[in-house]
Amino acid sequence: MIGIVVSRADSASVHIGERLLELADWDERTDGDRPDADGGGTVFARDGFELREFDALHIDLDDPAEAFDADLDFLVVVSRHAGETGALLTAHFTGNFGPADYGGEPGRFARACPNAQRAVVEALRERAPDGYEVGIEATHHGPTEPTVPSMFVELGSDDEQWDDPEGARAVAAAVLDIEGVAADADRQLVGFGGGHYAPRFERVLRETDWRVGHIAADWQLKAMGAPENNRDVLRRAFEASAADLALVDGDRDDLAAALEAEGFRVVSETWVRETAGVPLDRVAALEADITTVEEGLRFGARIDADDYEVVSLPDGLLGEAQGIDLDAALSAVRGTTVAFHTTEGGTRAVGRAAVAGDGYDELVSRLCDVLREKYDTVVRDNGAVTATTRAFDPDAAREFGVPEGPAFGKLSAGQSVEVDGETVAPEDVSKERLIEFAV
């Protein structure tokens with residue numbers, strides 16, 4: 001069940017509430033146990049939702065959840081967004097990393113609902129009228145005391161948008177779209193750093209399967225003060241986000257040290273992107289068995305294999321293949337392994353890999369295919385791959401009297417030349433070259 005809070009002190013909130021009532025069939029009843037100003041009076045309910053109206057501005061409501069009869073999964077506060085941002089639909093969580101200048105308590109946070117936020121932002125993108133941007137914001141105001149997870153979903157950013165029926169309808173429809181969505185998922189993190197509109201964290205939300213809980217923008221971190229002296233605030237942000245991972249925007253060694261001292265892991269955006277879709281217990285096991293994502297671990301197409309073993313990659317064969325066609329060689333490794341070690345920003349495979357079933361044999365076979373782009377014959381036998389090719393032999397060319405210079409170039413390129421009226425063919429001045437690779 002989702003509780004919807006409408007504030008009569010906010011014109012945009014009222015307009016969104018009106019559109020909510022228009023877009024769905026609601027049952028009306030009267031709650032005489034609470035004053036109309038405090039969420040009582042006329043109450044609207046339908047499958048999955050209960051809507052109540054309050055006189056006070058939403059940031060001044062301590063715990064609007066207590067007004068609802070239903071057992072709520074989370075609260076959605078429909079609200080206006082104010083700023084110099086033009087037409088914008090946005091969502092965010094509430095709390096204060098520093099002083100409570102705009103409601104709530106200092107250093108406290110409302111319980112976030114990261115999975116629901118991701119769902120409503122996706123719905124806002126689908127519903128947004130022409131000219132509207134969609135995004136998320138950092139944590140920045142009250143309330144901080146709701147007893148259920150909550151988020152603000154907002155229409156901005158000035159009078160023109162607050163009075164826009166299409167904008168209000170888009171927000172209302174997006175809220176209705178998240179019926180049945182859970183508040184949390186199993187992939188949630190806390191964000192630190194960057195601007196108020198959190199482009200890095202919005203990108204993570206949009207492009208991966210990770211959810212983002214509370215976000216401390218640069219200005220909130222400055223307001224909080226030294227991380228080491230505010231470890232209790234940091235800990236509460238993680239508790240309120242149901243997360244134990246941190247993604248930090250920018251170089252903040254003091255913050256990272258304080259987070260790690262509290263037992264939270266600081267991960268990179270690369271880690272977040274590479275682990276998308278990979279079971280987290282499998283990530284942990286492979287990082288322990290091979291190396292960390294930050295040190296070059298990448299996941300292969302067989303990541304869902306029931307079991308695996310860690311082996312050394314055939315580095316000689318792999319190195320030769322990567323020299324011939326880097327993309328094809330890397331594709332061969334990715335397509336046949338559970339995970340593998342890389343260097344150079346994940347562009348070259350090297351070292352060890354986790355393989356399952358016939359993965360290693362298939363990898364060798366696919367690397368042999370890459371070698372065939374360069375070599376005349378490629379044969380695998382008795383634990384080795386032997387590659388042969390015929391190559392231009394300068395000494396043989398000299399024996400035929402071929403002068404060094406352009407004639408050497410033509411023969412090397414596979415073209416015949418004339419020397420003293422005689423034709424010298426490329427095969428006359430070539431020799432077989434053989435290379436063996438242990439596998």
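R118 and E122 both belong to helix α2 (residues 114-127), where 4 residues, about one turn of the helix, separate them. Helices (H or I, at least four residues) and strands (E, at least two) are DSSP runs, numbered from the N terminus. A salt bridge joins R118 to E122, with the closest N and O atoms 3.5 Å apart; the term denotes a side-chain nitrogen of Lys or Arg within 4 Å of a carboxyl oxygen of Asp or Glu. R118 is buried, at 15% relative accessible area, and E122 is partly exposed, at 35%. Here buried means under 20% relative accessible area, exposed over 50%, and partly exposed in between (1.4 Å probe, protein chains only).

The model is predicted: local features need pLDDT of at least 70 and side-chain atom pairs count only at pLDDT 80 or more, whereas totals for chains, interfaces and linings use all residues. Residues are numbered from 1 along each chain as its sequence is written, and side-chain values use heavy atoms, with hydrogens and water left out.

A search of the whole structure gives 39 salt bridges. One of these pairs R169 with E22, the closest N and O atoms being 3.9 Å apart. This pair links distant parts of the chain, as R169 is in helix α4 and E22 in helix α1 (residues 11-23), 147 residues apart. R169 is partly exposed, with a relative accessibility of 28%. R298 forms a salt bridge with E274, for which the closest N and O atoms are 3.6 Å apart. R298 lies in strand β13 and E274 in helix α9 (residues 269-275), so this pair ties together parts 24 residues apart in sequence. R298 is buried, with a relative accessible area of 11%, while E274 is partly exposed at 29%. Salt bridges that share partners also join R125, R200, E202, R203, R206, E207, D249, E269 and R273 into one network.

D164, in the loop between α3 (159-162) and α4 (165-177), is buried but has no salt bridge. The nearest side chain of opposite charge to D164 is that of R169, 7.2 Å away; Lys and Arg count as positive and Asp and Glu as negative, with His and the chain ends not counted. Apart from its neighbours within four places in sequence, D164 is in contact (heavy atoms within 4.5 Å) with Y132 and L155.

D304 is located in the loop between β13 (297-299) and β14 (309-312) and is exposed, at 60% relative accessibility. Its contacts, leaving aside neighbours within four places in sequence, are with P279 and R282.

The bond from G142 to P143 is cis, with omega near 5°, and P143 lies in the loop between β7 (133-136) and β8 (150-157). The bond from G156 to S157 is also cis, with omega near 20°; S157 is in strand β8. A198, a residue other than glycine, has a positive phi near 50°. A198 occurs in the loop between β9 (188-192) and α5 (199-207) and is buried, at 1% relative accessibility. D420 likewise has a positive phi, near 50°, but is exposed, with a relative accessible area of 78%. The loop containing D420 runs between β19 (417-419) and β20 (422-424).
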